[in-house]
Amino acid sequence: MAGMGLLLLLIGYFLGLYFFDSGIGGLLIALAVWAVMNLVAFFRGDNILLALSRARKISRDDHPRLYNVVEEMKIASGLEKMPDIYIIDDPALNAFATGRDPNRAAVAITSGLLQKLSRDELQGVIGHEIAHIKNRDVLLMAISAVLLGTIVILAWYATRIMFFSGMAGGRRSSSSGGGSGQIIILVVAIVLIVLAPIMAQLIYFAVSRKREYLADASSALYTRYPEGLASALEKLGASTSQLKSANKATAPMYIINPFRKKGMSASNLTSTHPPISERIHILRSMAGGASFADYDQAYQQLHKMGRGIVPASAMTTGAIGLRAAVSEVTEKEPDEIQRARETSDLLWRRSGYKTITCDCGAKLRVPPRFKASSISCPHCGRVHQA
Amino acid sequence: MIAVYIIVGIVVVLLIVFAVIYNRLVRLRNQVKNAWAQIDVQLKRRYDLIPNLVETVKGYMKHERETLEAVTKARNLAQQLSSSGAGARAKVEGELSSALARLLAVVERYPDLKANQNFLALQEELTSTENKISFSRQFYNDSVLRYNNQTQMFPSNVVAGVTGFKASEFFEVPQAEERKAPTVSFT
C-alpha cells in the first residue's frame, strides 16, 4: 500500500516537473485525481460491484440455511451488524464480499456454489468472506485498486501528451533553457511512466494475495474447522467454468480468481490469488489447532522461509482446538440434489414466480404475469388456486 | 525552573498513558458484555424452539417419552437459572445440549419424521442455534481472555486495580458433557 502511494507521488512529481516545471503541481493533480476516484469508490463502490455482478438480495425465508450460516460466521467473527446476502444466478463457483465498512457489508455467492457445498464447506467459504469484511480488506483493496487505476491513467495520459508535444517541436526545450537537468527529468519521467503501472500492479497483486491468506487463516479460526474451507476450495478448483459477470477490477474480491486458467504456476506474480492447491495444502496441514499461529506454522512449512504470513499483532496467545465435522456425526444434511432444488426454488421465487406443490408431488411454477384465478396440474389434473 | 517543567511533563505523559489504558480496558469490558448478551440471545432462542420441537415430534415418537421429558426438564431448569453467572449457567446449558443431541440422534429411527417439512425447518433452526451458541461462546471466551490478560498484565493491571476492573468468568462447558454429545461441538 505505502509502496503504491509512493509510486503515485513519484509519478505525479516527475510528470509535474516535466510538464509545468513544478513537481508540486503534478503532485497535486495526481492526488486530486486519486481523491475523486476514491470518493466515487467509497460511496458507490459496493453498489457498483453488486450491480455489475447482477447479484440479487435475499432474505432469511428465501434460504434459511445460507442465512443461518452467514449469521453463525457473523457471531464467530464478532461482527456487529449482519451483512446483506446476495445471490448471483450463475453456474460458476465463486463468492465475494463487499462494503466499505464492517457495518455496511454484503456477501454474495453464486447459485452454482450454493448448491455444490455442504454445510461445513459453506461455513468455510462464508467465514473467508466475513473475514474480508472484518479485516477491512474490502476498503483496503478498493483504495489499492483506485491507486492502481490512478497510476495507470496518469501514465497513459502522460505518454499521449509527451508523444504529441514531442511531435509539435519540443515545447520544453525553449522555455527553460534546456540543459542536462531537463534531460534527466525527461528520462526519469519516461522510466516512471513505463515502470510505475507495472510495479503498482505487482504490489497490488502481492497485497491481494496476502489478504487472501489472512482471510483463509481467519476462516479457519472462526469455524475451528479448516477442512471445511479446504474441501470447498477443492470443489472450486475442480470446476473450470468462468464467472460471466466478473471483470478484472472486481477480481480480488472473489474467493478464487475468477479468471484463473488450468495449471497456473505456483508463484505467479501477476495473480490476485495464491494458487488453490497451496491454500488447500496449508489448511490441511493445520494439524495442531485453528489459531493464527497454527496457520502461520503451516504456511512456513510450505514456503521454507523465515517469514510468516499473519501479522504478529494479530496473533493471540493460547492454543485453539479443532472441532469435528458436522456431517460426520449427523447424516441429516440435504444432499446435492436437494440443494440444487432449494437453489432453483430460490431463484424462481426471486424472479417473481410462485411455486405450488401439488399433492401428486409435482411442482407448478406460476409466472408473475399469470392472471387466471386457478390452475390445473399438468401431471394429475388437480385444480389449484393461483 | 527546568526541574518543574520536567516533572509537569512526566505527570502529563503518565496521565495520557493512564487514560489510554483505561479506555482500552473499558472497550474490552464492553466487548465481553456484548459477547455475553450474544450468548444470551441464542440460549433464549433455544428455549423458544424446544417446545415447538417437542410438540412436532411427540406424535411420531410414541416410544421416546423419557428422551422428550429429559429435554423439557433440562430446558425448564436452564431457563430458571438463566440469570445466574457464567459458570453455573454453562453446566445446565451443557446438560440441555446433550439431552437435545440424544433426541436428535433417535430421530434417525423415524423416517416419517424426517420427511416432515415442518420438522426439517425446525431441525435446521435448532442445528444452527446450537452452532450459534458455540460460536458466540467461542467469541465470548476469546473476549474474556483478552480482557483478563489486560487486567493481569503490567502496566494495565495497575490501572485495572485502581479503577476496579475485575477479571471475567469463562463460559466453559464441562468436558464430560462434550464427550457424551458429539453433535454439539463446543470447542
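How many of the 187 residues of chain B count as buried? The share is 32%, where a residue is buried if 20 or more other C-beta atoms, placed from the backbone, lie within 10 Å of its own, exposed if 12 or fewer do, and partly exposed in between. The model is a predicted one, in which local features need pLDDT of at least 70 and side-chain atom pairs count only at pLDDT 80 or more, whereas totals for chains, interfaces and linings use all residues. Residues are numbered from 1 along each chain as its sequence is written, while chains are lettered from A and ligands numbered from 1 in the order in which they are written.

Chain B contains seven helices and zero strands, so that the pattern read along its sequence is α-α-α-α-α-α-α, with helices (H or I, at least four residues) and strands (E, at least two) taken as DSSP runs and numbered from the N terminus. Chain B is more spread out than a compact globule, because its radius of gyration is 23 Å, well over the 16 Å that the globule rule gives for 187 residues; the radius is taken over C-alpha atoms, and the rule is 2.2 Å times the number of residues to the power 0.38. Along the principal axes, the C-alpha atoms of chain B fill a box of roughly 90 × 25 × 25 Å. Among contacts in chain B between residues at least 6 apart in sequence, 78% join residues at least 24 apart, a contact being a pair of residues whose C-beta atoms, placed from the backbone, lie within 7 Å.

In chain A, the domain assignment gives domain 1 (1-351) and domain 2 (352-386), with bounds that come from an automatic or database assignment. The contact between them takes four residues from domain 1 of chain A and four residues from domain 2 of chain A.

Some backbone details remain. Most residues other than glycine have a negative phi, and most peptide bonds are trans. In chain B, however, a cis peptide bond with omega of about 0° joins B:Phe154 and B:Pro155, and B:Pro155 is found in the loop between α5 (117-152) and α6 (156-163) of chain B. In chain A, A:Arg136 has a positive phi near 60° and is placed in the loop between α5 (119-134) and α6 (137-167); A:Arg136 counts as partly exposed, because it has 16 C-beta neighbours inside 10 Å. Phi of A:Arg224 is also positive, near 60°, and A:Arg224 lies in the loop between α8 (180-223) and α9 (226-238) of chain A, where it is buried, with 22 other C-beta atoms within 10 Å.

Methods. Two residues are in contact if their C-beta atoms, placed from the backbone, lie within 7 Å.
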